Structure formats: structure tokens, C-alpha cells
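Colleague: Before I set anything up, I would like to go through this model with you. Please show it first.

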Amino acid sequence: MTKETLSNLLKENRRFDPPPELAAHANVTADAYAEASADRLAFWERAAERLQWDEPWTQVLDWSNPPFAKWFVGGKLNVAVNCVDRHVEAGRGDKVAFHWEGEPGDQRTITYADLKDEVCRAANALTELGVNKGDRVAIYMPMIPETVVAMLACARLGAPHMVVFGGFSSDALSTRIQDCDAHFVITSDGGYRRGNASALKPAVDEALKSCPDVRNVLVVRRTGQDVDWTEGRDVWWHDVVDQQSAEHTAEAHDAEHPLYVMYTSGTTAKPKGILHTTGGYLTGVSWTHYEVFDIKPETDIFWTAADIGWVTGHSYIVYGPLANGATSVMYEGTPDTPDRGRWWEIVNKYKVTILYCAPTVIRMFMKWGEDIPAKYDLSSLRLLGSVGEPINPEAYVWYREFIGGGRCPVVDTWWQTETGSIMISPLPGVTAGKPGAAMKALPGVVADVVDDQGQSVPDGGGGFLVLREPWPSMLRTIWGDDERYIKTYWSKFDGLYFAGDGAKKDSDGDLWLLGRVDDVMLVSGHNISTTEVESALVSNPKVAEAAVVGASDPTTGQAIVAFVILRGDGAEGGDELVSELRQHVAKALGPIARPRQVMVVPELPKTRSGKIMRRLLQDVAEHRSLGDVTTLTDSTVMDLISEKLPTAKSED
Ligand code: ATP
Ligand code: MG
């Protein structure tokens, strides 16, 4: 961005007040904001006191050596005990921790008591294999209960886990194993994906050719596929875990002991190994799960429909819900297997009350059409959440209406792998929802939007999103690279955490996320956010999804090039539609934002976590050969788009 701040074009007047029922019984009320600003550290202490500590802390925050934070200094606790044992000890062992649903339709019900036994057995097995406190353990698994068990067993021992999304290649796996120097891997023969058993073990075998330090691979049998076996290195989970004692005495770990390393999605750059520690992280995820999702562990059925291989799965499938003793749904497969009603069948089957997912999947459901969810009774739902990308206002309204039946509030939650837990979100019983806005920093979080001098912008202005104060679940560093940690997050503005995202404050001072600052376009001297133009396109009823990039242009510097997916299967574009859409944007945002080109495409390039990769579209728009496509879910998408190029429309 140049000196001028980000244009603020999108107008949105719709607002949805919290349902009175929810507001009357909300876990957290408006007082929390005042309490947190009166004494932020005391507020976080109260959040930490919800956990079970073996030793109390002597200092809430040590920020004497910024940006290296220490929270709850001197305190000791065990994460697995907090997530499992304490619920059993409190007499809630029969409570269901997970309703697990396999893609082929097999199911398992896992109570807290079951989970405790399994975690203890796995911890004993890992100890027998030689895993010690501090050792990194790589986990490369499908979405099965053993994945959660493996993570909790590592946490119990104080052996930081490093989960790699099961859809990643062997290359991605080996670079991550090398980067954090893991000597143990937990995997499975395979998992189910789109109706087939897909193998995982071969990717591990391939990856380990370049990881000679790995001593053992623990393999869960999920699909029964044939696997190659390396004697002495590979061991079956059922051979070593099942025979162990279900008793295991957990050690209390220091609050700052490493809990896990998780690599970022790689949307913008080489993935960064984000380090999270014990006490602050668990405080952050358990508290935010309680306040943002208004969780009532006795009655709610919570479903984060994300993969455990992303931070969303770590924080809101595993650690947050378990720390709160909640019941969650966990689903192995894709939304279209065996048919496009699968999610809604699951919501109905388990009477899910809270659903948390990503805009990319909401837009896919929009494309498929509202007739599909309409076939199911979704009346159990009471709250909906969104995470991962800015949610276009139209997608928000669709989600609220056709999934939430017009009665469920939508919480748009902004956070990152680095922040560990949700930072910006409405509180569902307090804050009105504005479609497309993440609204306010949560109590205890100090967010701001600043210009390129680091000065806070006034209401109505746009700029760089920053966090002004440390928070308990913040990353502690980039694994093995303190310099990169300082340079990436703390160097742009003195003393401020810079997230990489652009944002604006509306006239009420509420926050809107505008995408990555790297994606901001400079058109005839105006900074225009790709998110705003995309949202304008999606507000046309014919459009399900849009991606916008700035392509170099001899007259305007950059010109707006848009790629759109239409609603309905097999919908075709044409010259008329293209000019309608260009007009539509000009009308919504002003003539400055009128795209130079609009291309109707069948798919968009996305990362494996479902985020649009604008960088590649910019290559297409500027007629360059494509950059690195290795993090793409489906590399044939780019061929489909390139084929479309000759029909692209350029007017003016
Ligand atoms: P990398 O940092 O490696 O490029 P990544 O940023 O995609 O990858 P994540 O930590 O998974 O990795 O994603 C965090 C980013 O996702 C945020 O910085 C932001 O750009 C985007 N994001 C997440 N939630 C929201 C939201 N509710 N609204 C807008 N953007 C969001
Ligand atoms: Mg990032």
C-alpha cells in the first residue's frame, strides 16, 4: 500500500441483532469489554483460572524481552489432564467427547472416559518407543479419533506434536519433519476421501527417504490397505498401544513448555513453523471457545468442520472443546460424499447446535443451491461461525438464511495460526452482526488499524491490521528462527504485531477484514481491496464465488481483473453477463472499481486449506507463466482457466 490508506468502498446497511434468548443466557456479556480494558492482565488471569493448574503462576506476563512473551510464569499444568482427566474425575466420564463419523458411514462414539483410557495407553506406548519430553512427533493422519488421541498423548508427555495435513505431499511432509527435526511419525495406512480409500503410508515412506533421523513410524490401521513395511522402524498402533495399561501418571509441564509446532497454510510464502506453548495457548482456546461460541457443554453439540491438520482443527476440534468438556462432531470425509447433502444429514443426525466452517465451503454450498439444505431439518442449529478468509456479505446472508434458518447469529472470526485463538469476532449475545464484518477485537485483545506510519486511522479509514498488546495464545517464535519471527511480525511497526492483513474501520468503528495487504490493488492512484470487489461480484445473484487481482495496465497502473464462478451447475457466461457484472461492480462500489475484465471460470485455484491463491491468477492476467503451484489442491484448475483466456472480455 502507498501512503494513502485503503479505499473504503463497500456499503453495507444490514444488521442483525443478537437473538434475545441467546442474549439473556449468554456466557459472556458486554461487561467483559469494560473488565478487560480496566485490567487486561487480571482479565486473562481469570480466564486461566478456568483451567486446572498443578502449580500457580507467580507472574501473569513477562514482556521484559519483547517480542518474546512468557505467560503465567512459574505455573505448571498438563494439557491432556485439563482436556480429559479432570472431566472424568469430576464424574463426567460418560459424557460424549466425540461423535465421530467416517466417510463410508461407520461411526464411533467416544466418551471422556474412553478418551482418557486411549490417551493413557498411547502415552505409555510412546514412552516405550523412546519418546521423551521435548521430542517432536510428526502426525500425518486422516480425520480419525486416533489423531486426537495421538495429539493428546504427545501433550501429556510434553513431546510437541507437529501435525501435517493428510492431503499434503511427501515433499511437504519431509521438509516439515526436517525443519522441526522430528524423530517419530504417527500415521495410518490411509483414510477415506471421496468414496475411496486413499493411501497415506506410501507418502511417509517416500518422505522418510530424506529424513534419516526418524526412528519409528507408528501406523494406525484404518482402511486395511496393503502397506510396505520397514522392519525395526514401523510398528502397528494396535500392536503397541492396545496392550498398554490405561493408567498413566501425567507430569505437570511448565506453562511455557512447547505444546506444538504448526506450519502456516502457505498462502503467501514458505510456511512458517509456528510455536505454541502450554498455559497461554490452552487459556486462549478454552476461553474463546466459551465466549465466542457461547458453549453450553451440557446441551450443545459443537461441530468444527475443518481438518485437524489446520490450526482451526487444533484449537476448535481438539483443545478448546475438550478443555471445556464439550461434545463435538468429527467427520472424516468431504461434503459431497456420498452426495451433496452429507453435512446436513450429519447436522440432523447428531442434532448439531453450533457449526463452524470456512467461507470457501459456504460459497460452494451457494453454488450447489439452497434446495439441498432445504431437504433437511436443520432446526437444531443455534449459532454459526466462519473462519479462514473474509466472508463476502452475500455468503454471510446466505449462510444465515439457508443454513441458520434466519434465526442463528453468524460469528465471523478473524485469527491466524500465529494468534492461536480467535482475536476478532462478534460476541453472539452482545454484538449485532453486520454481514462481512468481524466487528470487534475480543475482550483482552487490543487490535487497531493503522496507516503506513503506524498511526491509528480514524473511523471510516482503512489500512494495516495490527495487535497492540501481547495475548496468551500468541505464537512464541518461528521454530528455530527467532530472527524470522521478529522480521515477519514485529518489524513493520515499532512495538506492534503486524498480521499481514488489511482492514478498515466503518463509521461505527467496527472492523472489516480486507484480505492480505499484498493483494491490495493500486488503480489510478487508489488502493482498492480485492475483497471488496469480490464481495460486490458475489452480491450479484448469478455469482457464487469471485477472485480479483490487479494486472499491470499502461494507463491505470493496475487494472482489475475478475474471475467468477456462477451459481448453479453448468451455468455459462457470455458477453452480456460479463458487461452486466462490470456494471454491477461499478454501481456497487463506484466506477473506479469497475473490472477491466471479467472471466467466467469453472473453478478457482485454492490452497489445500481452501484459500484463493490470487498470485497464480495474477500470472494468468498478466500473461506470465505460472509460479509455484505445489500448494494447490488441484493443479488442473489452472489449465481450465488458461483455456478460457481467449474468450476473456476487455471493454473500455
Ligand atoms: P501463510 O501465512 O503461510 O501465507 P495463511 O496466512 O493462509 O498462510 P493461516 O494462518 O491458516 O495461514 O491463515 C490466517 C489468515 O487467514 C489470516 O491472516 C487472514 O488473511 C485469513 N483469515 C482468517 N480468518 C479470517 C476472517 N474471518 N476474515 C478475513 N480473513 C481471515
Ligand atoms: Mg499468514
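Colleague: Is S579 buried, partly exposed or exposed?

Modeller: This is a predicted model, in which local features need pLDDT of at least 70 and side-chain atom pairs count only at pLDDT 80 or more, while totals for chains, interfaces and linings use all residues. Residues are numbered from 1 along each chain as its sequence is written, chains are lettered from A and ligands numbered from 1 in the order in which they are written, and side-chain values use heavy atoms, with hydrogens and water left out. Buried means under 20% relative accessible area, exposed over 50% and partly exposed in between (1.4 Å probe, protein chains only). The relative accessible area of S579 is 27%, so S579 is partly exposed.

Colleague: How many of the residues of strand 17 are buried, and which lie on each side?

Modeller: Strand 17 covers residues 327-331 and is mostly covered. T327, V329 and Y331 are buried on one side, S328 and M330 on the other.

Colleague: Which strands are joined to strand 17, and which residue is the bridge partner of E101?

Modeller: Two strands pair if DSSP finds at least two bridges between them. Strand 4 (residues 96-101) runs parallel to strand 17 and is joined to it by four bridges. Strand 16 (residues 301-304) is also parallel to strand 17, with three bridges, and there W303 stands opposite V329. The partner of E101 in strand 17 is Y331.

Colleague: How many residues of helix 15 are buried, and what is the phi of G405?

Modeller: Helix 15 spans residues 393-403, and nine of its 11 residues are buried. Among them are W398, Y399 and R400. Just after this helix, G405 has a positive phi of about 60 degrees.

Colleague: Which residue in the turn between strand 9 and strand 10 has a positive phi?

Modeller: Strand 9 (residues 190-193) and strand 10 (residues 196-199) are antiparallel, with four bridges, and R193 stands opposite N196. The two strands form a hairpin with two residues between them. Most residues other than glycine have a negative phi. The residue with a positive phi, near 50 degrees, is R194.

Colleague: Where is K351, and what is its phi?

Modeller: K351 is in the loop between helix 12 and strand 18 (354-357). Its relative accessibility is 46%, so K351 counts as partly exposed. The phi of K351, a residue other than glycine, is positive and near 55 degrees.

Colleague: Which peptide bonds are cis?

Modeller: Most peptide bonds are trans. P67 sits in the loop between strand 1 (59-65) and strand 2 (68-73), and P338 in the loop between strand 17 and helix 12 (342-350). Two cis bonds can be named: P66 to P67, with omega near 5 degrees, and T337 to P338, with omega near 0 degrees.

Colleague: How far apart are the closest N and O atoms of R121 and E118?

Modeller: A salt bridge is a side-chain nitrogen of Lys or Arg within 4 Å of a carboxyl oxygen of Asp or Glu. R121 and E118 are three residues apart in helix 5, so about one helical turn separates them. Both are partly exposed, R121 at 21% and E118 at 22%. Their closest N and O atoms are 3.2 Å apart.

Colleague: Which parts does the salt bridge of K434 and D510 tie together, and which residues are linked in the network?

Modeller: In this salt bridge the closest N and O atoms of K434 and D510 are 2.8 Å apart. K434 lies in the loop between strand 20 (410-412) and strand 21 (447-450), and D510 in the loop between strand 24 (497-505) and strand 25 (511-516), so the pair ties together parts 76 residues apart in sequence. K434 is buried at 4% and D510 at 5%. The network of salt bridges links R15, K434, K440, D506, D508 and D510.
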